[in-house]
Amino acid sequence: MSGEERRVSGEERRASGEERRASASLEDRLAAFLAARLGADAVRVLAFERSTEGFSQETFRFDVEVACGKQRETKSYVAKREPVAGLLEPYDLEPEFRVLHALSQDPLPSPPTPFFERDPAVLDRPFYVMECLPGEVPVPAPKPDGSGPLDDAERKALAPQVASALARLHAIDWKAAGLGFLGAPGPGRGAAEREVERWAARIRAAALPTPPVLAEAVLWLRENLPACDEITLVHGDFRIGNWLIERAGERSRLTGLLDWEMVHLGDPLEDLAWCSCLLWRASGPNAGCLVPPDELAALYAVASGRTVDAARVAFYEVLALVKMSAIMLTGIRAFRDGRTTDLRMAIFDHQIGFLMAGLAMMRGHFAAIGG
Amino acid sequence: MLIPPEALIDGCMRTLLEAVLPDVGSRFARGQLYAVADVLQNLRDRIEPKRAPLEEEARSAGEALARVAAVLGEAGRADLAAAVRDAAAAAPEAPPAERAEALERAVVEAFAQISALPAERAEPARRALAAHLAQQALREVALLKASLLTEISKG
């Protein structure tokens, strides 16, 4: 497809000349790639735009007009591309693609993900393409009046759906689905130990001074590894901000689970703790901005048939903040080294102060000053 | 410098939010963006971190380490007490950032040292370190401004 044939979106018209040239090139190559994969006579990529959501991989939304004979059809897609540098480097999109591809027929609302490509001739770096699901992604931040991102009717409607989706995710027979390549941790404390060491290694790799609150938390985690008798698929980033939602009051629906780049095999309560932890409460009391943590745990227990061990959840909530610290330190390192121009990596340099305060609170340090 | 760094940075913020953001595609806004870049590149070699917060952090860490050394000494672990004192004494007097960083490293090491004690003997030392961590967390948060993360995410 030539550049002249390409339709230019309003956003692009406002973009600088340099950005326009770069995105035009990406669009043309993407159209050629999709034409071959879809077996179409002609493909046009429309309304191509880089998304501002997602701090790690590069996300592009676009429409595809497919022509087969006299028939024309338009469908919306999302492409996820490896960044040059970022929060979860070094990147490898293939495991995430293989999981999403394997789940494409599952009732779980994960986006159908048909294509993965490593060849740099297509989009410069590896990427995969998934279908665009309906809905919006509420940002886990308070509104100006201090209330959470979801209203009462939405929270009431969505909490059981979120708990059920998490239970469904953990019920997937990962061996039968061919996901054993993710690597099962050892029995007993193996799952917890592997996660602690995974994130401790990332903290070391950032090679920045480790905040003492963080170092103490890692020591505590290593001394308090919980045992787990069941290994499941773990999303790794299951939380508000990665939930696609159709907002319609009490008829609101969870329509998609996004951002699977931290997917692995491990303790299912890791996901429950991550989505319940301080990070995703938007300064309010509710786990995932939905319901109080105990209530979400109860909903999950009913949906999954599991007993929710509060001590294990507490362990993984501390791990959640350690994990986020490791992610931020990785981003700070990438920015400090000049390997990324994404200024969002630099804001972590001050955001990490909030995180350390949260970690100090969770570890009980404020009790030492009467707090 | 006739304009203090704080005023320059406040001015850049105002320009970005009030002049550039509402009309980000215009030639005037592009010119203002270049002006912000020009201010920043000339600010680069004229500023350094403020001393007072770093000196306060170092003082707090130093006091916590002295308490840990005392507890270890009282517990009959003169060897560990000496290690903590030596680590604190090895921190450079200046610059303030390097002194604070060295003392914080000694705090991390002190957590490992006190794990050699029975829990009840270690408790006063652990409490001293925890108090330092809590107070330091509060000092850090007190310097932070309201986050623009929502706006950054929405674009």
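Visitor: Over how many bridges do strand E3 and strand E5 of chain A pair?
Guide: Strand E3 covers residues 71–81 of chain A, and strand E5 covers residues 127–131. Strands are DSSP runs of E, at least two residues, and helices are runs of H or I, at least four, numbered from the N terminus; two strands pair if DSSP finds at least two bridges between them. E3(A) and E5(A) run in the antiparallel sense, over five bridges.

Visitor: What kind of model is this?
Guide: Residues are numbered from 1 along each chain as its sequence is written, chains are lettered from A and ligands numbered from 1 in the order in which they are written. Side-chain values use heavy atoms, without hydrogens and water; local features need pLDDT of at least 70, side-chain atom pairs count only at pLDDT 80 or more, totals for chains, interfaces and linings use all residues, and the model is predicted.

Visitor: In E5(A), which residue is the bridge partner of A:Val78?
Guide: Take A:Ala79 for orientation: its bridge partner in E5(A) is A:Val129. For A:Val78, the partner in E5(A) is A:Met130.

Visitor: Which residue takes a positive phi in the hairpin of E2(A) and E3(A)?
Guide: Strand E2 (residues 58–68) pairs with E3(A) in the antiparallel sense over 11 bridges. A:Ala67 stands opposite A:Arg72 in E3(A). Two residues lie between the strands, and the positive phi, near 60°, belongs to A:Gly69.

Visitor: Which strands stand at the edges of the sheet in chain A?
Guide: Five strands form an open, antiparallel sheet in the order E1-E2-E3-E5-E4. Neighbouring strands are turned by 25° against each other on average, direction ignored; axes are lines fitted to C-alpha atoms, for helices over the stretch in contact, with angles from 0 to 180 degrees between N-to-C directions. Two strands have a single partner strand each, so one side of each is left without a neighbour in the sheet: E1 (42–50) and E4 (115–117).

Visitor: How far apart do the C-alpha centres of domain 1 and domain 2 of chain A lie?
Guide: Domain bounds come from an automatic or database domain assignment. For chain A it gives domain 1 (3–131) and domain 2 (152–362). Their C-alpha centres lie apart by 27 Å.

Visitor: How many salt bridges does the rule find across the interface of domain 1 and domain 2 of chain A?
Guide: The rule asks for a side-chain nitrogen of Lys or Arg within 4 Å of a carboxyl oxygen of Asp or Glu. Across this interface of chain A, the count is three.

Visitor: With which residue does A:Asp259 form a salt bridge?
Guide: A:Asp259 lies in the loop between strand E8 (253–257) and strand E9 (264–266) of chain A. Its phi is positive, about 55°, although A:Asp259 is not a glycine. The closest N and O atoms are 2.6 Å apart, and the partner is A:Lys80.

Visitor: Where is A:Pro90 placed?
Guide: The peptide bond from A:Glu89 to A:Pro90 is cis, with omega near -5°. A:Pro90 is in the loop between E3 and helix H3 (94–102) of chain A.

Visitor: How many salt bridges does the rule find across the interface of chain B and chain A?
Guide: 28 residues of chain B are in contact with 27 residues of chain A. The chains bury about 2,100 Å² between them, 80% of it on carbon and sulfur atoms. B:Leu133, B:Leu144 and B:Ser153 supply 23% of the area on the chain B side, more than any other three residues. The salt bridge count is zero.

Visitor: Which helix gives the largest share of the side of chain B that touches chain A?
Guide: H5 (96–114), H6 (119–143) and H7 (149–154) of chain B each supply at least two residues of that side. The largest share is 10 residues, from H6(B).

Conventions:
Contact means heavy atoms within 4.5 Å. Buried area is the accessible area (1.4 Å probe) that two parts lose on being put together, summed over both.
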